[in-house]
Amino acid sequence: MTILAEAQHFVRPPDWTWYILFYFFFAGLSGGSYTIATLFRLRGERSDEPAARLGYYAAFAALLPCPVMLILDLGRPLRFWHMMWNTTPDAAGFNFVYWSPMSVGVWALLLYGVFATVSFAEALVRDGKIRLPLAQGAVRLLDGTLGKLVIAAGAVVGLFIAGYTGVLLAVSNQPVWSDTWALGGLFLASGMSGSAALLMLLTRYRPEAQASAGMLAVSERLYALLELALIVVFVLTLIPAGTLGLTFGFPWILLWLVALAGLAPGIAGLLTSRLAVTGEGTTVAVHATSAATTLAVPALVLVGVLALRAAVIFSIQ
Amino acid sequence: MAQSSQITPGRAYGFFTDTSVCIGCKACEVACKQWNELPGNDPVFGDGFDNTGSLDAQNWRHVEFIDNVPDETMGTGQGKAWLMMSDVCKHCQHASCMEVCPTGAIIRTEFDSVYIQQDVCNGCRNCISACPYNVIGQDEHKGVAQKCTLCYDRLQGGMEPACSKACPTDSIQFGPVDELQQMARQRVADLQEQGVTQARLYGDDASVYGGLNAFFLLMDEPEKYNLPNAANAVLPSRNNVGGYLGVLATAVLGVLGGLIALRRRREPAAETPSETRPETEAGEE
Ligand code: SF4
Ligand code: SF4
């Protein structure tokens, strides 16, 4: 019988596998896309509005699978509402366990769903896809400060949704997961870089948004750097716990390599071009660049986002 | 069963499992399965004495057989070849499983035991990721989390749990926790006096998870039995603050990074005229 020298974990893994992996993936992309869209609205100029709307469309689309994944993962899917309503005979009432990220996350997801839906509908109306006078009137309410407050609040909840999943893993007694405080930040950073890549990819199909593609590329570089920094923190926090080998051992190291490959374009871009859109510091229209940059690179980044989560989730189970 | 034979709601009940007298007969496992109608384990060729493996959804008592044969021969074995221990849910005072459960399915009963309500649990398995003793399993048919109930139904009927009743050596004793603690401290003092210096109690005081209602007398270090020692007996919620602060710091950096990256550069090619701007922002800047 081997005795662990450092942190002792005598636990059983919870068997959170494919559903949870894809929930984490889509939650990161949805929250990240919403945030980027909001930053475009609040910071960008009028020419960035198509990209902002694209972000709200992506955020809504990526959100749709989330509750489905979560419910299907339950041993008793039809009891999913027990997360919100305590059915204990003498203690019936709302469930909100603020120290349990799973409980907090359910409410946050519900709240985020409201923001994502409102912003999605607003984008549809502004794009002229919905022409109901009632809807147009409602959207007019979101002109000005109220609208800004709504999307800013939505972005805060979106950032939470993209990141809390890492905290959920940490609030356990599992090796690796509970040995670090970096997972929440790591998932958030990778969700942001994945979202920037996703929107870059989608600008291919929305020509009006291509004016913003260069900025998305620059933000992806910064998020890749942030993610790399958090991977370093993750590694450093696992050293004292002695669980580094568990998550970086074979075959998981292969997934980590894919995750790092997903960071490569961003980091390389930062090294060669820093914050400029091209190496020479001038902007070239993105549709003029090759399909390699607008298709392959974002796809690689997205695969990396998935691989990172897979490495964290599967290596200890 | 300890002195007081009346089982009264409102009092804390538990087990004192004295591993020094366990003979590994597994009567406790069988009695538990019989009373709780849990399926038996298929025999597997190549298993050792321990063909139960671990506590899980169908095994609520598990007699561990821990190979403790000394590497060098040393006179007589002094009975040191095996450590045997009938493991069970500890019914922790500070229960990790209860802490993370989002549905409120895990409750503390009138007997101070930790109980999973089968009709409330929705099978999210958060408790499994939290329990530091590898106790809980998910029933593959019912989909819910299951573990030792401290024979809740028997206690309500005034009967002691099936395992302790069946144990032929009194290695498992059931009773009010305070009485068991007294008994255990006496027992360990007696053993020490007889020269059995390796005997020690685990979970009888607040040093692990605020005290375990099902606690143990061990014949070696807790780690040998796959039990976290006092320094490692930590609750999942310890990671909330650090984790959320990590998210917050990343979010702040992410938003700052976004603001830097999404700044419109004054470059000719980027000046794409657009008709899609919402009227709302017409007056700004
Ligand atoms: S031993 Fe595990 S299942 Fe039992 S009360 Fe403690 S944390 Fe919960
Ligand atoms: S599996 Fe059941 S008992 Fe365990 S945490 Fe989830 S709802 Fe609670």
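How many nonpolar, polar and charged residues does the shell around ligand 1 have? I found ten nonpolar, two polar and two charged ones. My classes: Ala, Val, Leu, Ile, Met, Phe, Trp, Tyr, Cys and Pro count as nonpolar, Asp, Glu, Lys and Arg as charged, and the others, Gly among them, as polar.

A word on ground rules. I am working from a predicted model, in which local features need pLDDT of at least 70 and side-chain atom pairs count only at pLDDT 80 or more, while totals for chains, interfaces and linings use all residues. Residues are numbered from 1 along each chain as its sequence is written, chains are lettered from A and ligands numbered from 1 in the order in which they are written, and side-chain values use heavy atoms, with hydrogens and water left out.

**Ligands**

I counted 14 residues around ligand 1, the closest being Cys89(B), Lys90(B), Cys92(B), Cys97(B) and Cys131(B). To be near, a residue needs a heavy atom within 4 Å. Ligand 2 has 13 residues around it, and Cys101(B), Cys121(B), Cys124(B), Arg125(B) and Cys127(B) come nearest. The shell of ligand 2 divides into eight nonpolar, four polar and one charged.

**Where the chains meet**

I next looked up the interface: 81 residues of chain B are in contact (heavy atoms within 4.5 Å) with 78 residues of chain A. The buried area is about 6600 Å², with 55% from carbon and sulfur atoms; this is the accessible area (1.4 Å probe) that two parts lose on being put together, summed over both.

I then searched for salt bridges, meaning a side-chain nitrogen of Lys or Arg within 4 Å of a carboxyl oxygen of Asp or Glu. The rule finds one across this interface. Asp73(A) pairs with Arg125(B), their closest N and O atoms being 3.0 Å apart. On the chain B side, H7(B) gives the largest share, 16 residues. By class, that side has 32 nonpolar, 31 polar and 18 charged residues.

**Inside chain A**

In one of them Asp127(A) meets Arg53(A), with the closest N and O atoms 2.7 Å apart. Asp127(A) lies in the loop between H4 and H5 of chain A and Arg53(A) in helix H2, so the pair ties together parts 74 residues apart in sequence.

I also checked H4(A), residues 101-126: its 26 residues reach 36 Å from first to last C-alpha, close to the expected 38 Å. That expectation is 1.5 Å times one less than the number of residues. Helices (H or I, at least four residues) are DSSP runs, numbered from the N terminus. After H4(A) comes Gly128(A), with a positive phi near 80°.

Most residues other than glycine have a negative phi, and most peptide bonds are trans. Asp15(A), not a glycine, has a positive phi of about 60°, and I found Asp15(A) in the segment before helix H1 of chain A. Phe250(A) and Pro251(A) are joined by a cis peptide bond, omega about 0°. Pro251(A) is in the loop between H9 and H10 of chain A.

Key:
Helices (H or I, at least four residues) and strands (E, at least two) are DSSP runs, numbered from the N terminus.
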